[in-house]
Amino acid sequence: ATEELKQSELEYMRLKFADKIEAAKQDPKKQAELAAEMGQAAFASMQETSRTTTDKYDSMLDDRGKFKKAAAKVGKWFNKGGRIAQLLKLGGTGFVGGAIVGSVAAWPITTAVGIVTELGVAGATKQAVLEERRGEDRIAEARLETIDTSFKDTVANMKIDDVMEHAVNVSVDNLKDVSIERQDALRKKVRSSLGKYGVGFALGGFAGKFVGDWANSAHATGPESSADTPAQSGGDQIPQSGDKPPIDNSATETGVSIMQLDSKMDAGLIYTQTRQVLTGKETKFELYDKLFHDGTSLLIKNLPNIINGSLQPTPQDDSQASYCQLLNKDNSWLDTERMTAAEAEAHVRAHLGFPRSRMTIDDRDIIITKSHCDKTPGSHLDKKFADGNYLIIDELIAPSGKTMTAEDYLRGYK
């Protein structure tokens, strides 16, 4: 657009000053006067272009729909006042929204809501900034010399055709630079609003999740929770054994259920399920990724049938249900007298991240992140468990907080 404007402006200037250009070619004094006149004419033409652009810009604002006009008012309120006021309004709104969603929804839904509402904040901020610039003249200076103080010296020794081209370039480039500055300022303002709102929403989401988890745990252990009301049910198609996660209880399969919400914890009717055969080598995070993918696909596939009523839920078999307790740091310690080596190895895979798997070795508390079982130890780090077999530590987190192999640990900690 800049290059096209330059070309059209040059053609206009050549036509306007054709006679004067020919007359000035023979008179150096007239060339200097004509150079100044051409420069100011080019600048005046760009001022007119700026005014025309402003008029069209204002007309565009007037033609906006009611939704965008309303968004402009919301964005103006969000961005009114100083930085602290804007942070409190945008961050506070984000925090409240994140807390509400985080308390009742899983993180994928919370993230999706956060993205959608951030787009709304971005749109409102954009409309507010556009409204603020109503009637704003892009070229407010009166003369060319105010934006290019060296213009007169620059064109002193130029040919008259080059002077004309330079004058056009300076004027058009100034108009372009002002437009770029306006675009950059708009992007900066939108990013600033998104940052304030996003931080508030993220903090609110974490707070909401904490409150939701606390409420769920209180419900699971409250008076409504009894032997007849299991806190977590695998359903009659995916039975679980014991009161531990599937990795930690040597289960051969697990899965994902799509179920109705119920007043009792995880006791709702089941629409459908998918099974996942366990190899006995999965880590917590590997299984999480797999089940998250399976659950998402299962929900997308069956949600239309749930909505239209063609897929009806079935009751759970409470006799196949098991209770899964909340984990805390006390669950991280490996007990060599009560656990077998295989149970300890499964514990390591099942409790990665939190609460982890800990042992005290050489009077130092370490966190085990990778291990395997063997009948004989490889070093003094490897400990004998209740079944006579050893847990061989392959990788750990040292007291320094650094993750390292067992070999590196033995070389660094004597």
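1. The note opens with a helix pair. The axes of helix H4 (residues 66-78) and helix H6 (residues 107-132) come within 7 Å and cross at roughly 90°. With angles of 65 to 115 degrees counted as roughly perpendicular, H4 and H6 are therefore roughly perpendicular to each other. On the H4 side, the contact is made by Lys68, Ala71, Ala72, Gly75 and Lys76; H6 contributes Ala124, Thr125, Gln127 and Ala128. By class, the residues of this contact of H4 with H6 divide into four nonpolar, three polar and two charged. This description, like everything below, refers to a predicted model.

2. As to the overall composition, the protein has 414 residues, of which 37% count as buried. Its secondary structure comes to 11 helices and seven strands. The protein exposes about 24,300 Å², and carbon and sulfur atoms supply 56% of that area. Among contacts with a separation of 6 or more, 67% are accounted for by residues 24 or more positions apart.

3. The largest nonpolar core holds 18 residues. Those that touch the most other members are Leu334, Ile368, Leu381, Phe385, Ile393, Leu396 and Tyr409. Two or more residues are given to this core by each of the following elements: helix H10 (341-350), strand E3 (358-361), strand E4 (364-374), strand E6 (390-397) and helix H11 (406-412). Apart from this core lies another, of 13 residues, including Met13, Met46, Ala167 and Leu175.

4. Isoleucine 368 may be taken as an example from the 18-residue core. Leaving aside residues up to four places away in sequence, isoleucine 368 touches Leu334, Val348, Ser357, Met359, Leu391, Ile393, Glu395 and Leu396. Of these partners, Leu334, Ile393 and Leu396 are also named among the core residues that touch the most other members.

5. Although arginine 356 is not a glycine, its phi is positive, at about 75°. At 32% relative accessibility, arginine 356 counts as partly exposed.

6. A positive phi is also found at aspartate 363, a residue other than glycine, where the value is near 65°. Aspartate 363 has its place in the loop between E3 and E4. Its relative accessible area is 80%. Exposed means over 50%, so aspartate 363 is exposed.

7. Tryptophan 333 is found in the loop between helix H9 (284-308) and H10. With a relative accessibility of 39%, tryptophan 333 counts as partly exposed. Threonine 360 is 27 residues from tryptophan 333 in sequence, and their C-alpha atoms are 8.9 Å apart in space. Not counting residues up to four places away in sequence, tryptophan 333 touches Met339, Arg358, Met359, Thr360 and Asp365.

8. Glutamine 86 lies in helix H5 (residues 83-104). Its relative accessible area is 8%; buried means under 20%, so glutamine 86 is buried. With residues up to four places away in sequence set aside, glutamine 86 touches Phe78, Asn79, Lys80, Gly81, Gly91, Lys189 and Lys196.

9. The second, glutamine 276, is found in strand E2 (residues 270-277). At 16% relative accessibility, glutamine 276 counts as buried. Glutamine 276 touches Thr252, Glu253, Thr254, Gly255, Leu287, Lys290, Leu291 and Asp294, not counting residues up to four places away in sequence.

10. Is phenylalanine 206 buried or exposed? Phenylalanine 206 lies in helix H8 (residues 160-221). With a relative accessible area of 62%, phenylalanine 206 is exposed. Glycine 98 is 108 residues away from phenylalanine 206 along the chain, and the C-alpha atoms of the two are separated by 7.8 Å.

Definitions and conventions: Residues are numbered from 1 along each chain as its sequence is written. This is a predicted model: local features need pLDDT of at least 70, side-chain atom pairs count only at pLDDT 80 or more; totals for chains, interfaces and linings use all residues. Side-chain values use heavy atoms; hydrogens and water are left out. Helices (H or I, at least four residues) and strands (E, at least two) are DSSP runs, numbered from the N terminus. Buried means under 20% relative accessible area, exposed over 50%, partly exposed in between (1.4 Å probe, protein chains only). Contact means heavy atoms within 4.5 Å. Accessible areas come from the Shrake-Rupley method with a 1.4 Å probe; for residues, only the protein chains shown count as cover. Axes are lines fitted to C-alpha atoms, for helices over the stretch in contact, and angles run from 0 to 180 degrees between N-to-C directions. Angles under 35 degrees count as roughly parallel, over 145 as roughly antiparallel, 65 to 115 as roughly perpendicular and the rest as oblique. Ala, Val, Leu, Ile, Met, Phe, Trp, Tyr, Cys and Pro count as nonpolar, Asp, Glu, Lys and Arg as charged, and the others, Gly among them, as polar. A nonpolar core is a set of buried Ala, Val, Leu, Ile, Met, Phe, Trp, Tyr and Cys residues joined through side-chain atoms within 4.5 Å.
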